[in-house]
Amino acid sequence: MIADTDVRGDEKTDATQIFDLKGALAYASGIINTIREPLVVLYPNEIISSVNSSFYKTFKTDIRHTVGKNIFEIGNNQWNIPQLRELLEEILAKKTSFYDFEVEHNFEIIGHKIMLLNASKLIIRENSDQMILLAIEDITERRNLEKKIEKEKYIVSENKRLRGLARQKDEFFSIASHELRTPVTSIKAYAQLMEKDFEEAGNKQAVKMLSRMNVQIDKLAFLITDLLDATKIEAGQFKYHKTNFDFNGLVNEVLDEMRFVTRTHTIEARLAKTLFFFGDRERIGRVITNLLSNAIKYSPGTNTVIINTIHENDQLTLSVEDSGIGILKSDQKKIFGKFFRLKGAIADTFPGLGLGLFISADIIKRHNGIFNVQSKSGKGSVFSFSLPLDKVAAPAMEIAG
Ligand code: ADP
């Protein structure tokens with residue numbers, strides 16, 4: 001009997017040695033089965049010697065389909081990946097290990113996964129067959145998270161880039177419209193002078209042409225102002241100058257201008273008794289002009305537009321009604337967006353930039369008012385805004401009207 005000695009120098013019997021070995025084995029397999037990563041021990045011929053419980057759990061398999069089988073054949077050859085084969089062969093031939101080999105694969109049963117493989121040669125006993133220990137880590141979630149973070153980073157940087165471009169575009173609009181305004185103003189002044197001269201000279205034909213030219217110059221000036229103001233609104237630089245003014249006085253002034261330029265429609269006015277309102281006279285005038293010119297523009301083939309004012313419950317409401325092309329319910333909120341214009345065979349034929357309502361909505365909002373649209377496609381629209389009569393800032397007072 002071969003006797004061995006333990007740490008205390010006592011002699012060990014074969015039985016004690018076997019007992020110790022069994023204990024060590026139980027200890028080792030206890031550790032291996034506790035490890036959360038799937039582990040595989042392979043013979044040099046790629047036959048599986050053993051796997052841990054995590055392997056069974058991860059790949060939803062059992063001992064019958066695993067131990068004693070060739071690793072490349074289990075699970076319908078799902079591990080038969082040429083690069084893995086090459087690496088395992090290389091380990092046996094020269095290297096002792098490989099690290100972090102990433103496998104992206106559609107595994108049977110568990111589906112698409114990304115696995116990180118690490119392997120090393122196990123020297124169990126000298127001159128015996130060398131085994132390979134293969135550790136498998138499922139990094140699908142980690143990779144997906146990394147991809148998500150990358151995507152989010154990309155979105156953040158794209159947003160930043162787009163904001164930069166939007167700022168550049170706003171600056172361009174601002175400079176361009178500012179620069180366009182000066183020459184247009186002097187063209188307008190010269191055209192008016194010429195119209196006057198031709199009138200005095202009695203040249204009716206030239207006066208007619210110049211008056212048409214003046215209308216077009218006004219339209220151009222309006223477009224330029226809209227562009228400039230829309231960029232100011234975006235930049236929070238659209239200034240308001242509020243004063244007390246006679247509301248009907250403003251409505252009538254706008255009506256005079258609109259009636260002067262409109263050849264196709266009659267504008268019927270049903271105005272409530274006038275009152276003073278505290279706000280930006282010019283800007284509210286612009287909202288009324290926008291609503292009237294839209295009502296005329298988007299109601300071809302009809303001949304009446306109605307403007308109505310009422311004041312009740314400390315509110316002043318102005319509405320403009322047309323019997324034109326109307327707006328689908330789904331588009332009614334969108335038309336207040338910047339550059340939004342309705343699409344369609346008919347809608348596409350009307351000129352415009354899609355800025356009027358965007359600017360009007362800001363003006364009404366800045367007076368604590370609200371906009372309202374009632375419309376039916378093909379039947380017509382009623383656009384209205386209501387403004388609170390601010391008793392503290394400026395007592396509402398009725399004047400003769
Ligand atoms: P623009 O008239 O210059 O296009 P607006 O901002 O004033 O710009 O109007 C935005 C869009 O709303 C228009 O392009 C048009 O499609 C729609 N719209 C505005 N007013 C009316 C209306 N009275 N009837 C039908 N559609 C309208």
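## Ile288 and the largest nonpolar core

In this predicted model, Ile288 is in contact with Phe247, Leu250, Val251, Val254, Ile307, Leu318 and Phe385, leaving aside residues up to four places away in sequence. Ile288 is also one of the residues that touch the most other members of the largest nonpolar core, together with Phe247, Ile284, Leu292 and Phe385. That core holds 45 residues.

Several elements each give two or more residues to this core: the helices α6 (204–234), α7 (247–261), α8 (281–297) and α9 (356–365), and the strands β11 (304–312), β12 (315–322), β13 (370–376) and β14 (380–388). Helix α8 supplies the largest share, seven residues.

## A separate core

## Gln78, a buried loop residue

Gln78 is located in the loop that runs between α3 (74–77) and α4 (82–93). Its relative accessibility is 8%, and Gln78 therefore counts as buried, the cut-off being under 20%. With residues up to four places away in sequence not counted, Gln78 touches Phe59, His105, Phe107 and Glu108.

## Salt bridges across and within elements

The model contains 16 salt bridges. One of them joins the side chains of Asp138 and Lys113, at 3.8 Å from N to O. This pair links distant parts of the chain: Asp138 belongs to strand β7 (residues 131–138) and Lys113 to strand β6 (residues 111–122), and the two are 25 residues apart. Asp138 has a relative accessible area of 36% and is thus partly exposed.

Another salt bridge connects the side chains of Arg143 and Glu146, with an N to O distance of 2.8 Å. Both residues lie in helix α5 (residues 140–201), where Arg143 and Glu146 are three residues apart, about one turn of the helix. Glu146 is partly exposed, its relative accessible area being 36%.

## A salt-bridge network

Lys169 and Asp170 form a salt bridge in which the closest N and O atoms are 3.8 Å apart. Through salt bridges that share partners, Lys169, Asp170, Glu234 and Lys338 are joined into one network.

Lys169 has 34% relative accessibility and counts as partly exposed, whereas Asp170, at 16%, counts as buried. Asp170 is assigned to the buried class because its value falls under 20%.

How values were computed. Residues are numbered from 1 along each chain as its sequence is written. This is a predicted model: local features need pLDDT of at least 70, side-chain atom pairs count only at pLDDT 80 or more; totals for chains, interfaces and linings use all residues. Side-chain values use heavy atoms; hydrogens and water are left out. Helices (H or I, at least four residues) and strands (E, at least two) are DSSP runs, numbered from the N terminus. Buried means under 20% relative accessible area, exposed over 50%, partly exposed in between (1.4 Å probe, protein chains only). Contact means heavy atoms within 4.5 Å. A salt bridge is a side-chain nitrogen of Lys or Arg within 4 Å of a carboxyl oxygen of Asp or Glu. A nonpolar core is a set of buried Ala, Val, Leu, Ile, Met, Phe, Trp, Tyr and Cys residues joined through side-chain atoms within 4.5 Å.
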